[in-house]
Amino acid sequence: MPGINSWSPILPETVWSKVASTLRHELGEGPYNSYVAPSALRQGPMGDPVLVTPTLYARDWFARNALKRANELWSQIDPESRSLDLKSRVEFDDQARIVQVAPESVIPTAAPSVLPSAPAPVVNFQDAAARVAGLQERLTFDTFVPGRGNEFAYTMSRQVASWADGHFNPVFFHGPYGYGKTHLLNAIAWEARARRPDAKIVYLTAEKFTSTFVKAIQDRSTAAFKEELRGADLLLVDDVHFIGGKTSSQEELFHTLTALLETNKRVVFTADRPPSHLNEIEARLRSHLSSGLVCALDVADQSLRLGIVERKLDQLSMRLGAAQKPHHDVLQFLADRVPGSIRELEGAVNTLAASAGARLGSLTLDEAMALLQPNLKVSAERRVTVDEIQKLTADHFALKQADLLSERRTRSVARPRQVAMWLCKQNTTRSYPDIGRRFGGRDHTTVLHAVKKIEELLQSDEQIAKDVEALTRKLRG
């Protein structure tokens, strides 16, 4: 199969950077940042250039709005006049697994990508020797959707699972319930087992750790319990905050962790808070938990939620024998309007699929809303007002509504005001002049500048992205 050296003297990433620069100018910053910038150039199995989009929705948007122009630009620059292919990440990963793409077939790009640079070993779930007690077969890296809120945690998980040298130890993932911590622990275990079948991998919840330890004390078998855990090459403990207040369990976990770190064995924990906030856990154990890498899984943004919906519905559509994929407006509705965590979002997708059956692919938006409403209390689109947005934004940033309407230009007021203006443009039918009038009689150009500024910050400022995501969810219930 062709490798990097088989490309023409003008490297493909150089060609793409020129094409992307032109598309940025022609499409505008908003569409470019939403659909083009998150995509990555990859090399297909026959050496062809492939633009890989993060979601199916982004792929379809690019195909409709930019693919023809991108190929025109590509053929003008590339001496071999090759066509630029287009695939979503799911499609590219599936193809890569089928043709067993070699690691060197990945084209480096200037921007980091969450796409793995090499295919992971395939886990044979039917092989009893490959099983680790307590793991769920569906929770693998193949079924995990990385995005803004979990990308770093995903990358670190792949590093742990690869048994790479120079790793952080221990690794501590924290975040709200239902945002992928358990999924990552399972995925680490499955891939680590596939890469090193001879390694001893132990996965258990903190609750299981405690109950097993207590039983070992009762049965006078603590030596066997200690040998089981301290002999692990990789120990994964889920929901470690559960041992808060349990003195003997904390003592045992401390000594287990110390023993494993001293022998350079790998340890991974999860909790709903960072170690520094686990006040019910004794200080020396908290210190050990913090000594390696502490990594947060944040609330999923719009792009990540949409990617999760797409992948989940793709899997369910095939299982149900649906003739086609669900409509984009149905996908968007699920990502936008279903409240709660990723786990709750997946539950909504399961509910919809179970209710629709083989009709899943042909459901209209109205039909999908009707099927979900009795179970999830998802209401029809409601009207959001400028006043409501102002009050909610002011409260979120610990301001008064009057501050947003005032002439104050300090950053602590100006940025929330811009956020509120952006939310008004996104969630109401008000024009720029009308929004300006409702923010203390400001000119429409001020609103336009605010909207463009927030669009830019959504791509570069994690905190603004979190604030906007949180406010959007509150507005939409």
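This is a predicted model: local features need pLDDT of at least 70, side-chain atom pairs count only at pLDDT 80 or more; totals for chains, interfaces and linings use all residues.

**A first look at helix 10**

User: Which residues of helix 10 are buried?

Analyst: Residues are numbered from 1 along each chain as its sequence is written, and side-chain values use heavy atoms, without hydrogens and water. Helices (H or I, at least four residues) and strands (E, at least two) are DSSP runs numbered from the N terminus, and buried means under 20% relative accessible area, exposed over 50%, partly exposed in between (1.4 Å probe, protein chains only). In helix 10 the buried ones are Ser249, Gln250, Glu252, Leu253, Phe254, Thr256, Leu257, Thr258 and Leu260.

User: What do the buried residues of helix 10 pack against?

Analyst: Contact here means heavy atoms within 4.5 Å. The partners of these buried residues include both helices and strands. They are strand 6 (234–238), strand 7 (266–271), helix 8 (206–218), helix 9 (222–230) and helix 11 (283–289).

User: Is Arg69 buried, partly exposed or exposed?

Analyst: Arg69 sits in helix 4 (residues 67–77). Its relative accessibility is 28%, so Arg69 counts as partly exposed.

User: Which residues is Arg69 in contact with, leaving aside its neighbours within four places in sequence?

Analyst: Arg69 is 50 residues from Val19 in sequence, yet their C-alpha atoms are 9.1 Å apart in space. With those sequence neighbours left aside, the contacts of Arg69 are Thr22, Leu23 and Glu26.
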